[in-house]
Amino acid sequence: MPGNTRTPKARALGAALRAAREEQGWKLRHFASQIECAPGTLSRWETGDRCPKPADVARILTTLGVTGERYDEIVDMTRNTSAPHWLAVSLPEQRQQLAALLEFERTATAITQAAPLLIPGLLQTTAYVRAIMTGGGVPLDEIETRIAVRAGRREAITRQENPVRLAVAIGEAALRQVLGGPNVMADQMDHLLLMSERENVDLRVVPFASGWHPALEGLFILIESEESRPVVQLENRRSGLYLHEPDDVEIYRQAADMVFKAALSYAGSRKLIAEIRKDLEAER
């Protein structure tokens, strides 16, 4: 139903429509005229401020020449755009959520992440990403493309203008789990130390001795933006979930506070990373 939704799924749908238009070289105003739509309405569809009806999306995609699987996936995104959460189980839905994550990171002002078992995506080196994807059974012909996408995400925190404020609490297990061999992990530790020096990055380590904390229940990411309400992303091997209702977001905001209280100080975190890096150097 039309309305001021600005939900994660509505934003993802809008981003997909905008990308399809820009790929064909259409300016927004000219394309709006082509489909007999007010430019303001099309703009609000593309930002997720309003949700187009399936017929509107079909008209846009047909005019742009989008067909086949991509057409079906985008039209399917018009369903339940105003729901209190967005659960993705199928592969097409998971691809949509990944596209949404890229959009959220691009427009974010602050990202808070608890990462108990793996180095957070925004801080992963290329070799570390390759080790994950190779070990995870990603088809060989897809690995380089996925690595390029992951590498592109780093721009959110390294760009010159208004980089995202990133606060990450990394579990000690993520630092000690060797992926790709000692060389890969040593380089990953070097990268973490380097990134922790950035003013917009607050990197903390949650040690094994910290006791219970919410990150032991699994990773979560809280993304905040001036353009829309905060969203929380959760994922596992079979599904992904976005939450955006204020009560749900507040629960994870409180969880993040608890995790960071369990973490080492900035100096203590850097010291532990350096010690682990030294151990890895001895194994090379």
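Reader: Is Gln188 buried or exposed?
Author: In this predicted model, Gln188 sits in helix H11, which runs over residues 182-195. Buried means under 20% relative accessible area. Gln188 has a relative accessible area of 0%, so it counts as buried.

Reader: Which residues does Gln188 touch, not counting those up to four places away in sequence?
Author: Gln188 belongs to helix H11. With residues up to four places away in sequence set aside, the residues that Gln188 touches are Ile119, Leu123, Gln124, Thr125 and Tyr128.

Reader: Where is Thr81, and is it buried or exposed?
Author: Thr81 lies in the loop between H5 and strand S1, the latter covering 85-88. The cut-off for buried is under 20% relative accessible area. At 5%, Thr81 therefore counts as buried.

Reader: Which helix holds Val75, and what is it in contact with beyond its neighbours within four places in sequence?
Author: Val75 has its place in helix H5, residues 68-76. Leaving aside neighbours within four places in sequence, the contacts of Val75 are Val57 and Leu61.

Reader: Why does the length of helix H6 agree with what 17 residues should span?
Author: Helix H6 covers residues 91-107, and at 1.5 Å a residue it should span 24 Å. The distance between its end C-alpha atoms agrees with this, at 25 Å.

Reader: Which residues of H6 are buried?
Author: An α-helix has 3.6 residues a turn, so residues three or four places apart point the same way. Buried means under 20% relative accessible area. In H6 the buried residues are Gln96, Gln97, Ala100, Leu101, Glu103, Phe104, Glu105 and Thr107.

Reader: Where is Pro163, and which residues does it touch, not counting those up to four places away in sequence?
Author: Pro163 is found in the loop between helix H9 (155-158) and strand S3 (165-171). Its relative accessibility is 24%, so Pro163 counts as partly exposed. From C-alpha to C-alpha, Pro163 and Glu199 are 9.8 Å apart in space and 36 residues apart in sequence. Not counting residues up to four places away in sequence, Pro163 touches Ala156, Ile157 and Asn200.

Reader: What is the phi of Asn162, and is this residue buried or exposed?
Author: Asn162 has its place in the loop between H9 and S3. Asn162 is not a glycine, yet its phi is positive, at about 50°. Exposed means over 50% relative accessible area. At 66%, Asn162 therefore counts as exposed.

Reader: What is the phi of Glu36, and is this residue buried or exposed?
Author: Glu36 is in the loop between helix H2 (28-34) and helix H3 (39-47). Glu36 is not a glycine, but its phi is positive, at about 55°. With 74% relative accessibility, Glu36 counts as exposed.

Reader: Where is Thr134, and how many Å is it from Gln24 in space?
Author: Thr134 is in helix H7, residues 126-135. Its relative accessibility is 47%, so Thr134 counts as partly exposed. In sequence Thr134 and Gln24 are 110 residues apart, and their C-alpha distance in space is 34 Å.

Reader: How many helices and strands are there, and why is the protein called as compact as a globular protein of its length?
Author: The protein has 13 helices and 7 strands. For 284 residues the globule rule gives 19 Å, so the protein is as compact as a globular protein of that length, with a radius of gyration of 20 Å.

Reader: What percentage of the residues count as buried?
Author: The accessible surface of the protein comes to about 14500 Å², and carbon and sulfur atoms hold 51% of that. Of the 284 residues, the share that counts as buried is 46%.

Reader: How many Å apart are the centres of the positive and negative side chains?
Author: The protein has 35 positive and 38 negative side chains. The centres of these two sets are apart by 2 Å.

Technical notes
Residues are numbered from 1 along each chain as its sequence is written. This is a predicted model: local features need pLDDT of at least 70, side-chain atom pairs count only at pLDDT 80 or more; totals for chains, interfaces and linings use all residues. Side-chain values use heavy atoms; hydrogens and water are left out. Helices (H or I, at least four residues) and strands (E, at least two) are DSSP runs, numbered from the N terminus. The radius of gyration is taken over C-alpha atoms; the globule rule is 2.2 Å times the number of residues to the power 0.38. Buried means under 20% relative accessible area, exposed over 50%, partly exposed in between (1.4 Å probe, protein chains only). Accessible areas come from the Shrake-Rupley method with a 1.4 Å probe; for residues, only the protein chains shown count as cover. Lys and Arg count as positive and Asp and Glu as negative; His and the chain ends are not counted. The place of a charge is taken as NZ of Lys, CZ of Arg, CG of Asp or CD of Glu. The expected span of a helix is 1.5 Å times one less than its number of residues. Contact means heavy atoms within 4.5 Å.
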